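Q: I have a model open and I'd like to learn how to read a few of its features. Can you walk me through them?

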Amino acid sequence: LSSAELHDGHAAKPFPFSQTSRMSRQRLRVPPRDLHDKVRSCLSSGDRGCGGVGDAPATFHLQPAVLPCILQCLATALAVLLGPDADAIQLELQASARRGWNFATQPLLSGDAHVPGARKSPRSSDRAALQLLCRRLARRRTSIALVVLRLSTSWPDLAPARLAMSMRGSACSGLVTVLVGAEAPLGRRVRRRALAKWRAWQEVARGEGGSREPGWSIFAPSLVPSSRRGTQGLDALQIYCRQAGTVQPLMSVQHHEGFCQQCCTGPASLFDHFSSIDGTGKFWLCSKFVPEFPSAGQDGDCVADIRNFLTCARRKDEDLSGLDWVRFRADLQLAVLEQREGTPAAFKQGLLMQLHRLIFEAQHGGFVLDTQREGWEGALRSLFISHAISGEPSCLMGHVALQIFVLFFVDRRQHGLWQWEQEQVVAKDLPKPESPTDHAGAKGPVGEPLCFLHGGTSGRVDILGSRVRLLQAMRWMSILDSGWPIFKVLSLLLYDECRKGHRRCVSRCPDNLIVEGAYLLEQRVGVLFEVHGYRISDRMLRKAALDLWLSTSSASSENRRACGELWVVLAGLSSAVALARMGHLREASIYLTVAEVHLGDVLSRSACAFHTSLRSPQLWEILGFIEDEFQEHAPFGFGTPCLLSFCPDGGSPNLATCRCEPLLPPPAAPADNARRGLAAVRLAESVCIVSTDPGSDRPLDADLRGLVTSTPEEIANYWTLTHHLNRLYSLLHGYRFYRPELTDAEVSALLDDGRSPPRRVQWAIVRLVQQTLEDRSCHFVAWLDSDAFIVSSEPLETVLAQSGLLDHSAGDGHHARSPRLFFFASAAAAHGLGPEVRRAANISDHFMVVRNTPLARRLMEHWWRSPLVDPELERFRTELFLEQTAMNEVFVDVPELVAPTPPLSHFEGFAGRFVRHGGGIKDVAFRMELRDALVARLRAPEQGLAGAPALAADSASSGAATTWAEVVSTDPVALQLR
């Protein structure tokens with residue numbers, strides 16, 4: 001039993017237990033965490049034949065005949081916690097030959113007393129006899145903590161169910177009650193009656209039973225108070241708008257009309273007790289209050305801010321060094337729509353090309369998934385509250401969508417994407433695949449052997465189920481407002497698992513019954529509309545849906561039998577999609593909310609509801625249709641991808657604005673330049689740019705057609721494309737560009753330091769820069785990795801001046817100082833290089849510039865020799881991160897000689913503004929981006945700087961030597977390609 005099934009994370013709040021005998025009125029209190037730990041330890045020990053798996057943190061690989069194990073473990077745990085004053089009994093009801101009932105008790109623990117049962121024939125006295133029996137038991141012991149009610153009958157009526165219900169008011173009411181029915185119909189009737197009547201209790205575990213095993217259910221006091229039962233088993237979150245002294249829920253940030261002076265988000269259950277929203281509530285977070293009323297879309301419009309945060313349309317500089325979320329969503333939308341129609345062309349041409357970076361971002365990006373960590377649901381909910389108001393963490397909805405999407409590319413039966421998933425899944429324990437047609441003709445839901453409240457199962461960990469639980473922290477309307485096709489992706493994943501027989505899915509609910517259920521629901525919601533209009537609260541909608549779910553009318557019973565316990569959810573979603581297709585989006589959102597809050601109710605009451613939702617592709621399919629309608633008619637859209645990779649008129653591409661803009665502030669005035677000692681002319685050939693791949697394994701492609709081909713499979717290698725991009729940039733500004741060609745033997749000689757094993761080839765960077773520094777005419781030596789290219793059209797002097805490598809004075813003309821000697825790009829790892837590196841400078845050598853001075857040359861040699869003289873660095877001759885680890889140790893001690901670390905988005909990632917760097921990702925999408933950047937340069941306009949006077953002036957002030965048009969019209973390779 002998982003911790004969520006026996007407690008809600010508050011170990012200090014034990015269950016109150018007041019059902020005691022007349023002889024003792026004391027209140028027994030059981031800490032739920034202690035009960036959970038002892039039961040789990042008992043089940044996992046394996047000494048009771050339960051098939052335990054030791055210390056598996058979340059689930060148990062139990063055999064189908066698991067009820068005796070659970071009963072014994074529950075009884076043992078309660079006896080230890082409550083002491084000798086608590087009984088654990090089994091009460092059996094069996095039909096007699098005279099159609100009366102036999103009551104018999106037997107102990108579950110060896111020390112329990114056995115009380116003979118009473119035998120009564122007349123049914124009118126059955127209830128009285130049961131009450132008498134419970135009183136007899138209460139006289140002998142202080143209290144009854146565990147009651148197992150075993151029903152055995154061949155009569156198809158509700159008499160045993162009614163009799164069982166009478167237990168709740170008797171002395172036999174225990175801390176935990178187990179209902180066992182020998183026949184499946186009887187067990188379902190009793191369970192349904194218990195869910196309807198025992199409103200303060202939850203079904204925490206269920207075994208559907210089979211031909212040889214009885215069905216059973218375990219009930220316990222509600223672990224989540226009824227006032228806090230929210231969406232998907234968590235307290236529902238809501239976004240609120242404060243305007244003109246009133247506070248109203250924001251149903252949708254895409255379809256909201258008007259202006260909000262303040263936006264707040266927090267648990268909906270606390271709203272009634274939150275008298276004044278000022279951002280000080282413990283569970284609330286609010287935007288800054290705006291006293292004026294600017295027009296929508298201007299600064300201060302918090303609704304627009306939330307909309308931009310959800311859609312990832314507002315892209316920050318620090319976010320652009322990684323995945324382009326807007327482009328990913330556009331590609332995902334197109335691929336999902338076409339895949340649903342059976343045409344995977346869009347996927348092959350879009351997402352498949354960037355699969356490596358998607359997987360890398362899913363595992364190493366800004367989102368850590370560990371659903372086995374206690375309290376992770378609340379942590380994710382807090383993240384969403386923060387994200388909606390402040391935008392932090394960035395693009396949370398994109399991360400959630402990515403975690404679900406990548407499941408298409410992992411074996412969901414044998415391992416997941418995260419370490420905790422791989423540790424829990426044992427291949428030998430996997431069930432054999434079933435035929436997709438095994439259950440095609442089944443009537444009604446197909447039961448599972450064993451399931452628990454909040455999604456626990458008795459077998460392997462459910463990889464897809466862990467992703468679905470991510471949706472528990474946010475409202476469905478927020479998902480629709482974000483533009484991410486989350487529901488459609490889930491629908492395709494579930495359909496795939498059902499089709500392959502990897503998941504035992506339920507049959508579809510017949511259309512006529514869905515229509516009938518929608519009619520029944522609309523009748524009840526219509527009454528609310530007549531009384532309250534659009535001011536309907538979640539609480540009202542929840543009550544209307546729950547009353548329908550508990551209804552015993554013939555229509556409700558027929559829907560329940562054929563469509564399962566989620567039939568009201570399906571009815572609400574069907575009404576929502578019908579209204580959305582007719583253009584009534586506001587009304588559709590009401591029925592979407594009905595389905596959402598009711599699903600949360602069912603998940604918090606019924607043990608198998610979550611498991612059933614994962615076996616019902618129809619539910620997610622309808623949600624996908626709703627997603628289509630809402631996102632197609634979103635008035636503000638979701639942002640468009642920016643593919644800008646070339647600035648022919650000067651400047652650097654800024655993907656946040658999708659415009660060419662100067663990377664750094666405009667150059668200082670000429671008088672200030674002279675005062676600071678800046679050169680009046682450009683550096684030109686005194687700048688030497690070096691980029692290569694040492695060795696014979698990466699030669700340049702001789703076939704130039706691969707540089708401009710439109711066929712992805714025929715595109716040239718990335719190092720060939722970056723070579724020509726960096727070479728053309730050097731020609732534009734008059735720099736010298738080198739690609740040293742080294743044989744394997746020359747590389748070995750270059751890396752030889754007299755020790756074994758030899759250094760890794762990455763250390764050749766240091767030696768090649770040192771060799772170039774021997775040419776004293778190279779005043780500045782710049783290094784570029786072969787997977788990096790300069791995307792900007794601005795000269796390198798702009799970066800050198802801003803970083804201090806050209807600064808010859810202290811700024812006041814009195815005290816001369818040595819200029820900085822080194823410039824390094826920022827490292828992609830935001831948290832350093834591991835626990836071994838105590839002082840991480842967070843720099844990278846994929847792009848660096850060295851000023852050619854004697855001191856700089858000595859420091860380069862010190863860098864090379866650092867693993868030879870420092871024992872702590874010796875292993876980095878061959879271990880990651882090689883020369884970069886040594887670099888962060890060497891240069892952190894000379895901060896006055898190293899330029900300040902630049903913003904990550906300027907020189908790192910696929911969206912870098914001056915330099916773009918592929919890092920460890922060399923997928924087809926990267927090569928396609930390099931090809932597109934090269935083609936854009938080959939098509940440079942004839943007037944290179946005529947189209948943007950402001951940028952032209954900036955470039956001219958830096959001494960631009962030529963234009964892109966002149967470069968591509970004189971370069972031999974460019975002429976062939978054009």
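A: Happy to. Let's start with one side chain: Glu-874 is partly exposed, because its relative accessibility is 38%. Keep in mind that this is a predicted model.

Q: Which side chain does Glu-874 meet in a salt bridge?

A: The general idea is that side chains of opposite charge can pair when their charged atoms come close. Here the partner of Glu-874 is Arg-755, at 3.3 Å from N to O. The two sit in loops, Glu-874 between helix 29 and helix 30 (882-890) and Arg-755 between helix 26 (744-751) and helix 27, so the pair ties together parts that are 119 residues apart in sequence. Arg-755 is partly exposed too, with a relative accessible area of 34%.

Q: What about Asp-753 and Arg-759: how far apart are their closest N and O atoms?

A: They are 2.8 Å apart, and the two residues form a salt bridge. Asp-753 has a relative accessible area of 17%, so call it buried. Arg-759 is buried as well, at 4%.

Q: And are Arg-503 and Glu-497 buried or exposed?

A: Arg-503 is buried, at 9% relative accessibility, and Glu-497 is buried at 4%. Their side chains meet in a salt bridge with an N to O distance of 2.7 Å.

Q: How many salt bridges does the structure hold?

A: There are 31. Some are linked in a network, which takes in Arg-327, Asp-331, Arg-357, Asp-923 and Glu-929.

Q: Let's move to strands. How do strand 10 and strand 11 run?

A: In general, strands of a sheet pair through backbone hydrogen bonds, either parallel or antiparallel. In this case, strand 10 (residues 237-243) and strand 11 (residues 246-249) run antiparallel, joined by 4 bridges.

Q: In what order do the 5 strands of the open sheet come?

A: Read across the sheet as 18-17-19-22-21, with mixed pairing. Strand 18 (736-738) and strand 21 (822-826) are the edges, each pairing on one side only. From one strand to the next, the twist averages 20°.

Q: How many bridges join strand 19 to strand 22?

A: Look for 5 bridges between strand 19 (residues 780-784) and strand 22 (residues 843-851), an antiparallel pair. Phe-780 stands opposite Arg-851 in strand 22.

Q: Which strands does helix 27 lie across?

A: Helix 27 (residues 764-773) lies across strand 17 (687-690), strand 19 and strand 22, and it runs at about 155° to strand 19. Helix 29 (residues 854-869) packs on the sheet too, touching strand 21 and strand 22, and its direction makes about 150° with that of strand 22.

Q: Last one, helix against helix. At what angle do helix 17 and helix 19 pack?

A: Two packed helices are described by the angle between their axes and the distance between the axes. For helix 17 (residues 511-532) and helix 19 (residues 554-563), the angle is about 135° and the axes are 10 Å apart. That angle makes helix 17 oblique to helix 19, and their crossing is left-handed. To see the contact, find residues including Leu-513, Gly-517 and Leu-520 in helix 17, which meets helix 19 through residues including Ala-555, Asn-559 and Ala-562.

Technical notes: Residues are numbered from 1 along each chain as its sequence is written. This is a predicted model: local features need pLDDT of at least 70, side-chain atom pairs count only at pLDDT 80 or more; totals for chains, interfaces and linings use all residues. Side-chain values use heavy atoms; hydrogens and water are left out. Two strands pair if DSSP finds at least two bridges between them. Axes are lines fitted to C-alpha atoms, for helices over the stretch in contact, and angles run from 0 to 180 degrees between N-to-C directions. Contact means heavy atoms within 4.5 Å. A salt bridge is a side-chain nitrogen of Lys or Arg within 4 Å of a carboxyl oxygen of Asp or Glu. Buried means under 20% relative accessible area, exposed over 50%, partly exposed in between (1.4 Å probe, protein chains only). Angles under 35 degrees count as roughly parallel, over 145 as roughly antiparallel, 65 to 115 as roughly perpendicular and the rest as oblique. A crossing is left-handed if the near helix is turned anticlockwise from the far one by less than a right angle, and right-handed if clockwise.
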